[in-house]
Amino acid sequence: MRKVVAGLFHSVDGVVEAPNEFQFNSFDAELGEELGGVMGNVSTVLMGRVGYQEWAGYWPNAKEDLDFAGFINGVQKYVASETLSPSDLTWSNAHLIGGDFLDFVRDLKAGEGGDICAMGGISLVRQLVFAGLMDELTLITHPVIAGKGRHLFEPGDPTTRLELVRARTTSKGNVVQAYRRLG
């Protein structure tokens with residue numbers, strides 16, 4: 001069975017939206033190693049509409065972060081959207097998810113292949129966590145207070161127990177914490 005994973009950049013105050021606005025110079029070699037390890041295991045990426053549209057407008061012609069650009073441009077991408085049509089997906093290897101998102105992920109997990117990674121979709125990660133489909137959630141906490149932006153979890157979310165499976169601090173003070181759902 002395949003694993004579903006996600007990794008989000010995170011501020012000390014819990015913001016996960018637009019990390020490019022609060023990362024500054026906190027990216028270091030250890031984060032590069034961590035992300036390289038993840039990319040090496042992933043063969044399928046899940047995206048939401050907003051993330052897809054933002055990334056499809058940038059990564060195919062990226063001039064920086066070429067390792068990630070090579071990965072994300074070449075990997076199989078499935079997009080969850082109720083407003084896009086298949087003809088709207090012009091980025092290489094991108095396909096629209098038909099039907100129920102969670103059923104689609106269950107079918108993917110039961111198949112063959114590498115890890116399935118949720119990227120570019122805060123609501124997708126939330127759905128996967130609360131449906132019990134997320135096998136590992138990694139939060140990369142940068143040493144900054146973002147002050148504004150969406151949080152991964154919100155007031156009113158169900159109490160959900162997690163187990164810490166690994167943690168490390170990088171040379172620039174980032175804390176990488178990986179969790180799985182308990183029970």
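Buried residues have under 20% relative accessible area and exposed ones over 50%, with partly exposed in between (1.4 Å probe, protein chains only). Helices (H or I, at least four residues) and strands (E, at least two) are DSSP runs, numbered from the N terminus. The model is predicted: local features need pLDDT of at least 70, side-chain atom pairs count only at pLDDT 80 or more, and totals for chains, interfaces and linings use all residues. Residues are numbered from 1 along each chain as its sequence is written, and side-chain values use heavy atoms, leaving out hydrogens and water.

Start with the whole chain. Show it as a cartoon to find 5 helices and 8 strands, which run along the sequence as β-α-β-α-α-β-β-α-β-α-β-β-β. The radius of gyration (over C-alpha atoms) is 16 Å, close to the 16 Å that the globule rule (2.2 Å times the number of residues to the power 0.38) gives for 183 residues, so the chain is as compact as a globular protein of that length. Of the 183 residues, 43% count as buried.

Next, select residues 101–110, which form helix H4. Its buried residues are Phe-101, Leu-102, Phe-104, Val-105, Leu-108 and Lys-109. Down the axis of H4 they fall within an arc of 155°, so they line one face of the helix; the arc is that of the directions from the helix axis to the C-beta atoms.

Turn to the face of H4 away from the buried side: Asp-107 and Ala-110 are exposed there.
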